[in-house]
Amino acid sequence: MMRTGFENLEKARDFGLPYIVLRTPRPYDTTTLNYNWQIWETDAYSLYSTTTDRIDAASAGLLVGSMERFMVKNGILRGTAEDCPPARLIERWTLFPLRPEVSGLYRSLVDTGSHVEAGQPCAQIYDPCTGALLETLHAPKPGTVFFQHDAPMVYAYTAAVKLLPDEEGSLSAADVD
């Protein structure tokens with residue numbers, strides 16, 4: 001959710017998703033429907049799946065279920081909604097990006113949603129011409145793999161993996177950039 005001053009975090013919890021990510025709007029956001037609905041005091045939410053270039057049945061099922069749960073809890077649909085564990089509210093800046101220093105072929109070593117320990121290898125970057133290993137990205141602290149690059153090629157200094165540090169090991173804004 002964009003932090004507009006009009007966001008409704010309690011209603012966002014009705015989706016039953018594991019995370020609610022808050023972020024500060026960027027200048028281009030002021031032209032989006034989501035932003036403008038919020039500033040005109042209409043609840044607006046963006047739901048994200050684990051993939052965007054292909055259909056992931058498990059992720060799509062989770063999102064459909066979350067929309068049904070939201071509509072039942074808010075009286076839009078009749079039925080019963082199962083209770084879910086409370087969503088973890090996080091600020092976007094708490095996600096720690098792992099950025100390769102080189103471009104190349106991307107090979108993931110972990111699954112999105114999995115827990116990693118400090119120092120654990122998360123991804124490798126290979127030279128597309130020779131196949132030589134160029135770089136291994138390691139988790140700086142324990143946490144959950146929140147986002148992962150999905151294309152076979154990755155550019156240098158692009159967030160290839162984003163980690164959500166464990167609550168007790170959370171990073172500060174100064175640690176991120």
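Is Thr144 buried or exposed? At a relative accessibility of 15%, Thr144 counts as buried. The model is predicted: local features need pLDDT of at least 70, side-chain atom pairs count only at pLDDT 80 or more, and totals for chains, interfaces and linings use all residues. Residues are numbered from 1 along each chain as its sequence is written, and side-chain values use heavy atoms, with hydrogens and water left out.

View 1. Thr144 lies in strand E8, residues 143-148 (strands are DSSP runs of E, at least two residues, numbered from the N terminus). It is buried because its relative accessibility is 15% (buried means under 20% relative accessible area, exposed over 50%, partly exposed in between; 1.4 Å probe, protein chains only). Beyond neighbours within four places in sequence, Thr144 is in contact with Tyr19, Gly113, Ser114, His115, Lys162, Leu163 and Leu164 (contact means heavy atoms within 4.5 Å).

**View 2. The open sheet E7-E6-E4-E9.** Four strands form an open sheet in this order, with antiparallel pairing (two strands pair if DSSP finds at least two bridges between them). Its edge strands, E7 (133-138) and E9 (153-154), each pair on one side only. Strand E4, residues 104-108, pairs with E9 in the antiparallel sense over 2 bridges. Gly104 has Val154 in E9 as its bridge partner.

**View 3. Cys122 and Cys129.** Cys122, at 0% relative accessibility, is buried, whereas Cys129 is exposed, with a relative accessible area of 76%. The whole structure contains 0 disulfides (a disulfide is a pair of cysteine sulfur atoms within 2.5 Å).
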